[in-house]
Amino acid sequence: MKTTKDIAMYFEENFPNFKETLADCSKENDGSAIVSNSLLAFNFDKISERLFSEKLASVDCIFFKDKYADFIEFKGGLVDEINKN
């Protein structure tokens with residue numbers, strides 16, 4: 001059985017050049033970042049572009065910490081205002 005540590009090691013060995021800050025992973029098409037965090041994560045969008053010929057609908061990045069893996073998707077744009085009436 002594979003553990004999160006095994007998967008993190010696989011990413012470290014096979015995709016070391018795809019580590020970016022969370023700020024870089026959160027950049028919009030215009031270059032502006034949604035967050036300003038300097039933690040390093042694997043840019044899964046770039047990894048999936050390398051592995052697959054078709055564009056996947058996937059998370060933006062994967063962050064490994066201890067025995068956990070966080071799958072992170074950044075969303076920009078406008079938030080609809082809720083009508084309270």
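Hi everyone, let's start with tyrosine 10, which is partly exposed, with a relative accessible area of 46%. Keep in mind that this is a predicted model. Phenylalanine 15, on the other hand, is buried, at a relative accessible area of 5%.

Why bring up these two together? The structure holds seven aromatic pairs. In one of them, the ring centres of tyrosine 10 and phenylalanine 15 lie 6.1 Å apart with their planes at 70 degrees, so this pair counts as edge-to-face. Ring pairs also tie Tyr10 and Phe15 into a cluster with Phe11, Phe18, Phe42 and Phe64.

Strand β3, residues 61–65, runs antiparallel to strand β4, residues 68–72, and five bridges join them. Phenylalanine 64 has alanine 69 in β4 as its bridge partner. The two strands, β3 and β4, form a hairpin with two residues between them, and in the turn aspartate 66 has a positive phi of about 55 degrees.

The largest pocket has a volume of about 280 Å³. Its lining is made up of 16 residues, and those nearest the centre are Cys25, Lys27, Glu28, Asp45 and Asp60. Which kinds of residues make up this lining? Nine are charged, four are polar and three are nonpolar. Helices α2 (22–25) and α3 (44–51) each supply at least two lining residues, and α3 gives the largest share, with three.

Definitions and conventions: Residues numbered from 1 in each chain as written. Predicted model: local features only at pLDDT ≥ 70, side-chain atom pairs only at ≥ 80, totals over all residues. Heavy atoms only, no water. Phe/Tyr/Trp six-rings, centres within 6.5 Å; stacked < 30°, edge-to-face > 60°. Buried < 20%, exposed > 50% of the residue type's maximum accessible area, 1.4 Å probe, protein only. Pairing = 2+ DSSP bridges. Helix = DSSP H or I, 4+ residues; strand = E, 2+ residues; numbered from the N terminus. 1 Å grid on protein atoms, 1.4 Å probe; cavity = no way out; pocket = protein on both sides within 12 Å on 5 of 7 lines; lining within 4 Å. Points joined across faces, edges and corners; volume = space filled by probe spheres on them. Nonpolar A, V, L, I, M, F, W, Y, C, P; charged D, E, K, R; others polar.
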